[in-house]
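Here's a quick tour of a protein model, taken one region at a time. Have the structure open as you read.

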Amino acid sequence: MKQLILVRHAKTEVIRYDISDYQRSLVNRGINDSKLIANKLFLKNIIPDLMISSPANRAIETALLFADALQYPVDEIEQNDDLYDGFTTNEFLALLDQLGKENEIIMVVGHNPSIEYLAFNLTEEFYHNVPTCTVIGIDFQIDKWSDIEARTGKLAFYEYPKKYKEVK
C-alpha cells in the first residue's frame with residue numbers, strides 16, 4: 001500500500017504590490033495552524049518517508065514546520081517548481097513515480113487549486129473544502145507509485161485547523 005498526503009500551505013499574508021506572490025510568507029495564524037495539524041499527524045504516527053514542496057515561501061515555510069513536528073530531516077525536503085506552477089494529474093503521477101521509489105508515504109506541500117484538484121482526481125470521492133493548512137491523506141492499494149490510476153484512492157484522513165478550534 002502507498003499513501004499520499006496532500007498539504008495546502010498555511011495562512012499567508014495578503015497579496016501586496018511590494019512583494020511577489022512567490023515571496024509571500026506565513027502569518028502567525030499560519031505558523032500556529034501548521035504546528036497544530038502537524039502535531040495531530042505526529043500523534044497518529046503519520047510520518048512521511050519523503051516530503052516534496054513547492055519552493056514558494058509560504059509552502060516551504062509550511063513544509064519546514066511540518067518537518068520539524070514530524071521529525072523529518074529538513075535538508076531532505078525535495079523542492080519542485082512545478083508544484084507552484086501547477087501540474088496535470090498525469091504529470092503529478094509521473095513525479096510521484098520518479099521521486100517515490102521505495103517510499104511508502106509521500107507528503108506533498110503545495111497550493112490551491114492544485115491540491116484540491118489532485119484530491120478530487122485521485123480519490124473515488126472527494127467533495128470537501130480545502131482551506132489553508134488542510135491535509136488530505138489518500139491510500140492506494142498498489143505496490144508501485146507507477147500503478148496509481150485516477151479515481152482509485154481511498155480517503156484515509158482529512159484534517160484542517162478549524163476542526164480543532166473552538167467556535168466563538
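This is a predicted model: local features need pLDDT of at least 70, side-chain atom pairs count only at pLDDT 80 or more; totals for chains, interfaces and linings use all residues.

## Aromatic pairs

Phe 120 pairs up with Tyr 127 in an edge-to-face arrangement, 5.8 Å centre to centre with 65° between the planes. Tyr 127 itself is at 62% relative accessibility, so this one counts as exposed.

What about Phe 126 and Tyr 158? Their ring centres are 5.9 Å apart and their planes are at 75°, so this pair is edge-to-face. Phe 126 sits in the loop between helix H5 (114–122) and strand S5 (135–140), while Tyr 158 belongs to strand S6 (residues 154–159), so the pair ties together parts that are 32 residues apart in sequence. Both Phe 126 and Tyr 158 are buried, and together with Tyr 160 they make one aromatic cluster.

Now for the inside. The largest nonpolar core has 51 residues, and Leu 6, Phe 66 and Phe 92 have the most contacts inside it. Helix H2 (residues 57–70) supplies the largest share of this core, 8 residues. As for Phe 92, setting aside residues up to four places away in sequence, it touches Leu 4, Leu 6, Leu 83, Phe 87, Val 108, Leu 118 and Leu 122.

H2 has 14 residues and spans 20 Å from first C-alpha to last, close to the 20 Å expected at 1.5 Å a residue. Of those 14 residues, 10 are buried, so H2 is largely enclosed by the rest of the structure. Among the buried ones are Ile 60, Leu 65, Phe 66 and Leu 70. Just after H2 comes Gln 71, with a positive phi of about 55°.

## A buried asparagine

Is Asn 80 buried or exposed? At 15% relative accessibility, Asn 80 counts as buried. You'll find Asn 80 in the loop between strand S3 (78–79) and helix H3 (82–85).

The Asn 80 side chain reaches the backbone nitrogen of Asp 82 at 2.8 Å.

Technical notes. Residues are numbered from 1 along each chain as its sequence is written. Side-chain values use heavy atoms; hydrogens and water are left out. A nonpolar core is a set of buried Ala, Val, Leu, Ile, Met, Phe, Trp, Tyr and Cys residues joined through side-chain atoms within 4.5 Å. Buried means under 20% relative accessible area, exposed over 50%, partly exposed in between (1.4 Å probe, protein chains only). Helices (H or I, at least four residues) and strands (E, at least two) are DSSP runs, numbered from the N terminus. Contact means heavy atoms within 4.5 Å. A polar contact is a pair of N or O atoms within 3.5 Å; within protein, one must be able to donate a hydrogen and the other to accept it, and residues adjacent in sequence count only if both atoms are side-chain atoms. The expected span of a helix is 1.5 Å times one less than its number of residues. Rings of Phe, Tyr and Trp (its six-membered ring) pair if their centres lie within 6.5 Å; planes under 30 degrees apart count as stacked, over 60 as edge-to-face and the rest as tilted.
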